[in-house]
Amino acid sequence: MRIAVEGCMHGDLDNVYATLLHLEKVENMKIDLLLCCGDFQAVRNQKDLESLNVKPKYRSMNSFWKYYSGQEVAPFPTIFIGGNHEASNYLWELYYGGWAAPNIYFLGFAGVIKFGNLRIGGLSGIYNERHYQLGHYERPPYNESDIRSIYHVREYDVLKLMQVEEPIDIFLSHDWPLGITDYGNWRELIRHKHFFEKEIQEKTLGSKAAAELLDKLKPPYWFSAHLHCKFAALVQHGEGGAVTKFLALDKCLPRRKFLQIVEFESEPGPYEIHYDEEWLAITRKFNFVFPLTRQHMQLGGLQLDLQDCRQWVRSRLNARGSKPFDFIRTVPPYDPFQSVMEASLSGHCRNPQTESLLRFLELPYLLDNALEASRLQQNPVSLISGDNTEGVLDGENEDAAIDDVDEIEELEEFDDVDVKHN
Ligand SMILES: [Mn+2]
């Protein structure tokens, strides 16, 4: 099986697919899957642009809407996670994962799925300590603060991924695991990206949550994006332990290293995306502590026995099959011939895929319901203590130092070294 991995998509599906089709032709090979490590920008229409945290001059429709509307069809199965530039309202609809467009699958805020015999896991968003222990309290339409915190990783989602015991083949995170630069040629890295130097030396470059997951899951492959450069590292987990090949890739621009083809041993294709039994069991088991308010949650160390749940999920999957529920369009796609979009509701939309999955798992729908969430938190669960401290109010510089590489690069004006080497 041949998998293409790319860094940030930034809504440029047309160019990435064209590049891959060209590659298939000149190399005379078949690509089975495209993995994208975030900043996908699944913008369906102008309304979605309001939930995308980018500077006004980057607020453009790009090309996802064509694949959403059906005007174009993704030529390769595509799996992506979220980054920090997303149509966050749309990704929230698909919190548990689902088809963002035909043949384009969103892994969810956290998720594990199967593709052929491979198990692919991922964590969306970027790490920011200030919001880590809060619930998912943001609801569209987002205010100035929520539009930036919605993509900050929450401990709850990491905790779920920490329950995974069966081997993961590939893991995706948008920002790099904290400390990963120690395992690669960081001196070479800062020669091109000298604005990383301070954070590398202070050991603050990257996601603490991703580092914990890397240490727990020890997947053979880990791919990231976010910092808009290529960087490889080799992590040996203890003496004689498992090895993780880490690779970060650039964004899609001419002369930039944004794509890598990786080959995996597998049975002959074609391959399909399927639900993962262990992950669905974790999802079902942990839904009762799904935090949906600004309350601090102390979830650390929560352990639940999954065995009975595994059995239950297995029999449900055997009865229904494990293919994800079908894609369903929920909003009118962008129409380039219509300059102003018809007025539409800017609130949360219940995505039928999410509703079907929750019905399948016999779970309540909570994504639009803060009330339900606070009731849940009042339940006396001995292992979880929700103290009443509100999340710290958001200040101007709430994001980590390197949160938006576009901005830094703009300041740097792509120095010569950068262009030459990418
Ligand atoms: Mn990013």
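Asn62 sits in the loop between helix H2 (46-49) and helix H3 (64-69). Helices (H or I, at least four residues) and strands (E, at least two) are DSSP runs, numbered from the N terminus. Phi of Asn62 is near 50 degrees, a positive value in a residue other than glycine. Asn62 has 19 C-beta neighbours inside 10 Å and therefore counts as partly exposed. A residue is buried if 20 or more other C-beta atoms lie within 10 Å of its own, exposed if 12 or fewer, and partly exposed in between, with C-beta atoms placed from the backbone.

The model is predicted; local features need pLDDT of at least 70, side-chain atom pairs count only at pLDDT 80 or more, and totals for chains, interfaces and linings use all residues. Residues are numbered from 1 along each chain as its sequence is written.

For Asn103, phi is about 70 degrees, although the residue is not a glycine. Asn103 lies in the loop between E4 and strand E5 (104-106). It counts as partly exposed because it has 16 C-beta neighbours inside 10 Å. Most residues other than glycine have a negative phi, and most peptide bonds are trans. Two cis peptide bonds are described here. One runs from Pro140 to Pro141, with omega near -5 degrees. Pro141 is found in the loop between H5 and helix H6 (146-149). The other joins Gly269 and Pro270, with omega about 0 degrees. Pro270 belongs to the loop between E12 and E13.

The protein has 16 helices and 13 strands. Of its 422 residues, 43% count as buried. Contacts are counted when the C-beta atoms of two residues, placed from the backbone, lie within 7 Å. Among contacts with a separation of 6 or more, 79% join residues 24 or more positions apart.

Six strands form an open sheet of mixed pairing, in the order E4-E5-E3-E2-E1-E12. Its edge strands, E4 (98-101) and E12 (259-263), each pair on one side only. Neighbouring strands of this sheet are turned by 30 degrees against each other on average, direction ignored. Strands pair if DSSP finds at least two bridges between them. Strand E2 (residues 33-36) and strand E3 (residues 78-80) pair in the parallel sense over three bridges. Within this pair, Cys36 stands opposite Phe80 in E3.

A further open sheet has seven strands, in the order E10-E11-E9-E8-E7-E6-E13, and its pairing is also mixed. The edge strands are E10 (231-236) and E13 (273-275), each pairing on one side only. The twist averages 25 degrees from one strand to the next. Strands E8 (residues 170-173) and E9 (residues 221-224) pair in the parallel sense over three bridges. The bridge partner of Ile170 in E9 is Tyr221. Helix H7 packs on this sheet and touches E6 and E7; its direction makes about 160 degrees with that of E7.

Helix H7 (residues 155-162) is mostly covered, with eight of its eight residues buried. These are Glu155, Tyr156, Asp157, Val158, Leu159, Lys160, Leu161 and Met162. Their cover includes strand E6 (110-115), strand E7 (118-123), helix H5 (129-132), helix H10 (208-217) and helix H11 (277-286). H7 and H10 pack at an angle of about 5 degrees, with axes 10 Å apart. The two helices are therefore roughly parallel to each other. Angles under 35 degrees count as roughly parallel, over 145 as roughly antiparallel, 65 to 115 as roughly perpendicular and the rest as oblique. Axes are lines fitted to C-alpha atoms, for helices over the stretch in contact, and angles run from 0 to 180 degrees between N-to-C directions. At this packing, Val158, Leu161 and Met162 in H7 meet Ala209, Glu212, Leu213 and Lys216 in H10.

The largest nonpolar core has 101 residues. Such a core is a set of buried Ala, Val, Leu, Ile, Met, Phe, Trp, Tyr and Cys residues joined through C-beta atoms within 7 Å. Leu35, Leu123 and Leu213 have the most contacts inside it. Leu123 touches residues including Val158 and Leu161, as well as Ala209 and Leu213, not counting residues up to four places away in sequence.

Mean pLDDT, the predictor's confidence in each residue from 0 to 100, is 88 for the protein, and 85% of residues reach 70 or more. Over residues 371-401 the pLDDT is below 50, and this stretch has 39 contacts beyond near neighbours in sequence. Residues 413-422 also stay under 50, with 10 contacts beyond four places in sequence. Where pLDDT is low, the predicted coordinates should not be read in detail.
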